[in-house]
Amino acid sequence: MSAEPGAGEPRPAPEGAPVVDVLAPRPVVETAVVHAGRVFDLRSDVVDLGDGGTVTREYLDHPGAVAIVALDDDERVLLLRQYRHPVRRELWEVPAGLLDVVGEDGQVAAARELAEEADLRAARWDVLVDYFTTPGGSNEALRVFLARDLSPVPEADRFEREAEELDMELRWVPLDEAVGKVLRGELHNPSAVVGILAAAASRADGWASLRPADAPWPERRGG
């Protein structure tokens, strides 16, 4: 029989317990906005951890986002090259955008971003994967959709791009080639990395893992 873990040691989950993330908030004793930003705020919370005492944690209070793995009939994924100032790099990414319209449906937001960034529409939408981008420092929840049965947005209805999106380059890359680029460290955008690997894994399983476009998303802020 193994000894009981001592103070500060990790405790194993009970035998047979499911390996699944669960909602388990700790009491917030105090909260304050340290900085109110244009897109997200920097918030400071004093959190009661019980036996662990109270701690102060600062994090980005983020509205969340959606990303789109657009896959054409030849199983090529659409990638966009965009400048990202915090890392001082041009990154190849999948189309994505903020959930900055209160109460907007995630798939509706994804369709808007696909049209605005890539001039594309999709007749088929599925949920590919959900994740937290940086759970140690942000509450941003991101849903990656799989978009298929693609068609171009009519010329007259196309969005006029600006700022970093003004000169984005678009490239269609075979999904298997994109997986290789991820594993070789040639692609670093998190939505592209997660989305490409998830798409490859789901395809290998005959797309059985896909969820409906309106699948519950409790991790979304206010969800």
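Student: Before anything else, what counts as a strand here?
Tutor: A strand is a DSSP run of E with at least two residues, and strands are numbered from the N terminus. By that count, Arg148 is found in strand 9. Keep in mind that this is a predicted model.

Student: OK. How many helices and strands does the protein have?
Tutor: There are three helices and eleven strands. Read from the N terminus, the order is β-β-β-β-β-β-β-α-β-β-β-α-α-β.

Student: Back to Arg148. Is it buried or exposed?
Tutor: Buried. Its relative accessibility is 11%, and the cut-off for buried is under 20%.

Student: Which residues does Arg148 contact, neighbours within four places aside?
Tutor: Its contacts are Leu71, Ala122, Ala123, Arg124, Asp126, Trp207 and Leu210. With Trp207 there is a particular arrangement: Arg148 lies over the face of that ring, 4.9 Å from the ring centre.

Student: What is phi at Asp149, next along?
Tutor: Phi of Asp149 is near 55 degrees, which is positive, and the residue is not a glycine. Most residues other than glycine have a negative phi. Asp149 also sits in strand 9. At 45% relative accessibility, Asp149 counts as partly exposed.

Student: What about phi at Asp119?
Tutor: Asp119 is another non-glycine residue with a positive phi, about 60 degrees. It belongs to the loop between helix 1, residues 106-118, and strand 8.

Student: Buried or exposed, that one? I mean Asp119.
Tutor: Asp119 is buried, at a relative accessible area of 14%.

Student: Switching to rings. How many aromatic pairs does the structure hold?
Tutor: One. The partners are Trp125 and Phe145, edge-to-face, with 6.0 Å from centre to centre and 85 degrees between the planes.

Student: Which parts of the chain does the pair tie together?
Tutor: Trp125 is in strand 8 (residues 120-132) and Phe145 is in strand 9 (residues 141-152), so the pair links parts that are 20 residues apart in sequence. Both Trp125 and Phe145 are buried.

Student: Helix 2 now. Which of its residues are buried?
Tutor: Leu175, Ala178, Val179, Gly180 and Val182, in a helix that covers residues 175-183.

Student: What do those pack against?
Tutor: The buried residues of helix 2 pack against strand 5 (76-84), strand 10 (169-174) and helix 3 (190-204).

Student: And what follows helix 2?
Tutor: Gly185 follows, with a positive phi near 80 degrees.

Student: Now the whole protein. What box do the C-alpha atoms fill?
Tutor: Roughly 65 × 45 × 35 Å, taken along the principal axes. The accessible surface is about 13700 Å², and carbon and sulfur atoms account for 52% of that surface.

Student: What share of the residues is buried?
Tutor: 38% of the 223 residues.

Student: What share of the contacts joins residues at least 24 apart?
Tutor: 58%, counted among contacts between residues at least 6 apart in sequence.

Student: Last one, charges. How many are positive and how many negative?
Tutor: There are 24 positive and 42 negative charges, and their mean positions are 2 Å apart.

Methods: Residues numbered from 1 in each chain as written. Predicted model: local features only at pLDDT ≥ 70, side-chain atom pairs only at ≥ 80, totals over all residues. Heavy atoms only, no water. Helix = DSSP H or I, 4+ residues; strand = E, 2+ residues; numbered from the N terminus. Buried < 20%, exposed > 50% of the residue type's maximum accessible area, 1.4 Å probe, protein only. Contact = heavy atoms within 4.5 Å. Areas by Shrake-Rupley, 256 points an atom, 1.4 Å probe, with all protein chains shown as cover. Lys, Arg positive; Asp, Glu negative; His and termini not counted. Charge placed at Lys NZ, Arg CZ, Asp CG, Glu CD. Phe/Tyr/Trp six-rings, centres within 6.5 Å; stacked < 30°, edge-to-face > 60°. Lys NZ or Arg CZ within 6 Å of the ring centre and 35° of its normal.
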